[in-house]
Amino acid sequence: GKCNVQHGNVRETYRYLTDIFTTLVDLKWRFSLLIFILAYALTWLFFGLIWWVIAYSRGDLEHLGDHTWTPCVNNLNGFVSAFLFSIETETTIGYGHRVITDTCPEGIVLLLLQAILGSMVNAFMVGCMFVKISQPNKRAETLVFSSHAVVSLRDDRLCLMFRVGDLRDSHIVEASIRAKLIQSKQTQEGEFIPLDQTDLSVGFETGDDRLFLVSPLIISHEIDERSPFWDVSRGQLERDDFEIVVILEGMVEAT
């Protein structure tokens, strides 16, 4: 499902930057792809500019046709070729026409820095994309809950029941289910608590909350003395403003 709670008046936005990886994963796809492209493009442009500055400061661009001159990077004749050399270095495509020489210590240091930074950018961005692709949002669409929940007798005990099923052939391993009753309440001291959360027992004590979803299952909450619905009549149940949130967790067998 989707959470309908929208956060507002968040002042300490810097906290999002302290966990930039999770922030990027939570972004929408269009922003994630934009950051993915910019991370590589800006890195290539930055190091391409430095390669061009090194070539310009050493005078390599002034000796393009001089075969007696040993440049820092062979066949680097401008910013475009420096940009291409930066791409080749960071993506480890392999040197052919343009290659660094051993007479340029500043180039060797820059080569090491770009190789290390490039590996870090790859690990960060590819890891971010992998986590985003493997998010269970689409997998959850094949988990189907019944349209209605019912209160009925079962084995002579009053129970709140609903059904859940998995449409896919690949099973969910270690599946477990829990339910929360969310409603506002007022304490005996007069304190008003909005959106108070109360656990609804769906078999935690007996292990029935751990599911084996090979076929649709009926999840049952027994309305006994410990249930928040124990003192609620049918008429009050229809009038009360509350919501039951059901949380199903598990691992996908295929991934």
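Biologist: How far apart do the C-alpha centres of domain 1 and domain 2 lie?
Modeller: They lie 53 Å apart. Keep in mind that this is a predicted model.

Biologist: OK, and which residues belong to which domain?
Modeller: Domain 1 runs over 13-134, and domain 2 takes in 139-252.

Biologist: What does UniProt list as "transmembrane region"?
Modeller: The UniProt record, an unreviewed entry, gives residues 31-54 and 108-131 under that name.

Biologist: And what is the chain doing there, helix or strand, over residues 31-54?
Modeller: That span is 100% helix and 0% strand, with its end C-alpha atoms 34 Å apart. Residues 108-131 are also 100% helix and 0% strand, and there the end C-alpha atoms lie 35 Å apart.

Biologist: Let's talk about helix 3 and helix 5. At what angle do their axes cross?
Modeller: Helix 3 (residues 29-58) and helix 5 (residues 105-133) have axes that cross at roughly 175 degrees and come within 11 Å. An angle over 145 degrees counts as roughly antiparallel, so that is the word for helix 3 and helix 5.

Biologist: What kinds of residues make up the contact of helix 3 with helix 5?
Modeller: The contact has 18 nonpolar residues, 5 polar ones and 3 charged ones.

Biologist: Switching topic: what does UniProt say about residues 143-255?
Modeller: The unreviewed entry annotates them as "domain: Inward rectifier potassium channel C-terminal". In the model, the chain over residues 143-255 is 5% helix and 53% strand, and its end C-alpha atoms are 16 Å apart.

Biologist: Which residues line the largest cavity?
Modeller: Trp-51, Ile-54, Ala-55, Asp-60, Cys-72, Val-73 and Leu-76 do. By type, that lining is 6 nonpolar, no polar and 1 charged.

Biologist: What about pockets? How much space lies in the second largest pocket?
Modeller: About 490 Å³. The second largest pocket has 22 lining residues, and those nearest its centre are Ser-201, Val-202, Gly-203, Ser-220 and Glu-222.

Biologist: Which strand gives the most to the lining of the second largest pocket?
Modeller: Strand 7 does, with 6 residues. Strand 3 (157-166) and strand 7 (217-222) each supply at least two residues of that lining.

Technical notes: Residues are numbered from 1 along each chain as its sequence is written. This is a predicted model: local features need pLDDT of at least 70, side-chain atom pairs count only at pLDDT 80 or more; totals for chains, interfaces and linings use all residues. Side-chain values use heavy atoms; hydrogens and water are left out. Axes are lines fitted to C-alpha atoms, for helices over the stretch in contact, and angles run from 0 to 180 degrees between N-to-C directions. Helices (H or I, at least four residues) and strands (E, at least two) are DSSP runs, numbered from the N terminus. Angles under 35 degrees count as roughly parallel, over 145 as roughly antiparallel, 65 to 115 as roughly perpendicular and the rest as oblique. Ala, Val, Leu, Ile, Met, Phe, Trp, Tyr, Cys and Pro count as nonpolar, Asp, Glu, Lys and Arg as charged, and the others, Gly among them, as polar. Domain bounds come from an automatic or database domain assignment. UniProt positions are given in the numbering used here, feature names are shortened, and annotations may be inferred rather than shown by experiment. On a 1 Å grid over the protein atoms alone, a cavity is a set of points where a 1.4 Å probe fits but cannot get out, and a pocket is an open set with protein on both sides within 12 Å along at least five of seven lines; lining residues have an atom within 4 Å of a point. Grid points are joined across faces, edges and corners, and a volume is the space filled by probe spheres set on the points.
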